[in-house]
Amino acid sequence: MSPRVVDPVARRRAVAEAVFRVVVRDGVEQASLRNVAMEAGLSIGSIRHYFDSHDAVVVFAVEFLIESIDQRVFEHVKSMRDPTDPRRPGERVLSEVLPLDDRRRDEAVLWLAFATAARTRPSLLPHAERLYDGLRRLCRRVLAVMSEAGTIAPAHDLDLESERLASLLNGLTVDGVLHPDRMTPELTLSVLRGHLDSLR
């Protein structure tokens, strides 16, 4: 019998997804190599083949999370300039980073968990900064496209409005994760829509 061939990319993805499940359920500190291996249905030796420590596996999972969100959001950003799209393109793009369904709620839980852990874990700090800066770049890009389309009053300072919008998104995310029965997806979207409409 020939030896089983392991796809390293698929294996790393499976490990990252196992980290996500552990962190969403139990928190970052519980994402040990042993717990992640159990969650992924793998031996610790299989995990150690790719990651030599708890920090290494968590850092990889954060990078994987950032890349997957960036890729999805970028696809929506590209469609913002489509004149045949009757929907609210800015709202659609920004809603991708809000906890409006199970997938995005889990991503928001992970974002909060990793960002909080970065306060005391230097290995996570660059990734928390990347998330922080990335949200502001996204807001700036969305507002720039809206401004070009004439859906933002020219008197607005886009740099300041980007900060204001990023802060709003952060607040909606925290409330949606911590108080989902009060900050519902419907209310979240209404608040975002009201804010964007106020810029007209």
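Good morning, colleagues. The model before you is predicted: local features need pLDDT of at least 70, side-chain atom pairs count only at pLDDT 80 or more, and totals for chains, interfaces and linings use all residues. Residues are numbered from 1 along each chain as its sequence is written, and side-chain values use heavy atoms, with hydrogens and water left out.

I begin with confidence. The term pLDDT denotes the predictor's confidence in each residue, from 0 to 100. For the protein chain the mean is 89, and 94% of the residues reach 70 or more. Confidence is lowest in helix H4, residues 54-78, with a mean of 88, and highest in helix H8, residues 158-178, at 97.

Next, the architecture. The protein chain has 9 helices and 0 strands; here helices (H or I, at least four residues) and strands (E, at least two) are DSSP runs, numbered from the N terminus. Read from the N terminus, the order of elements is α-α-α-α-α-α-α-α-α. Along the principal axes, the C-alpha atoms fill a box of roughly 65 × 35 × 30 Å.

Of the 200 residues in the protein chain, 40% are buried. Buried means under 20% relative accessible area, exposed over 50%, and partly exposed in between, with a 1.4 Å probe and protein chains only. A contact means heavy atoms within 4.5 Å. Among contacts between residues at least 6 apart in sequence, 66% join residues at least 24 apart.

I turn now to the aromatic residues. How many aromatic pairs does the structure hold? There are 3 aromatic pairs in the structure. Rings of Phe, Tyr and Trp (its six-membered ring) pair if their centres lie within 6.5 Å; planes under 30 degrees apart count as stacked, over 60 as edge-to-face and the rest as tilted. One of these pairs is formed by Phe20 and Phe64, which is tilted because the ring centres are 6.2 Å apart and the planes stand at 40°. Since Phe20 belongs to helix H1 (residues 8-26) and Phe64 to helix H4, this pair ties together parts that are 44 residues apart in sequence. Phe20 is buried, at a relative accessible area of 13%, whereas Phe64 is partly exposed, at 22%.

Phe51 and Phe60 also make a tilted pair, with ring centres 5.2 Å apart and planes at 45°. Phe51 is buried at 4% relative accessibility, and Phe60 is buried with a relative accessible area of 16%. Together, Phe20, Phe51, Phe60 and Phe64 form one aromatic cluster.

Let us move to helix H8, where Thr173 is found. Is Thr173 buried or exposed? Thr173 counts as buried, because its relative accessibility is 4%. Leaving aside neighbours within four places in sequence, Thr173 is in contact with Val97, Leu98, Pro99, Ala108 and Trp111. From Thr173 to Val97 there are 76 residues in sequence, and 8.0 Å in space, C-alpha to C-alpha.

Finally, consider Arg182, in the loop between H8 and helix H9 (185-198). Arg182 is exposed, with a relative accessible area of 65%. Arg182 and Thr116 are separated by 66 residues in sequence and by 23 Å in space, C-alpha to C-alpha.

Thank you for your attention.
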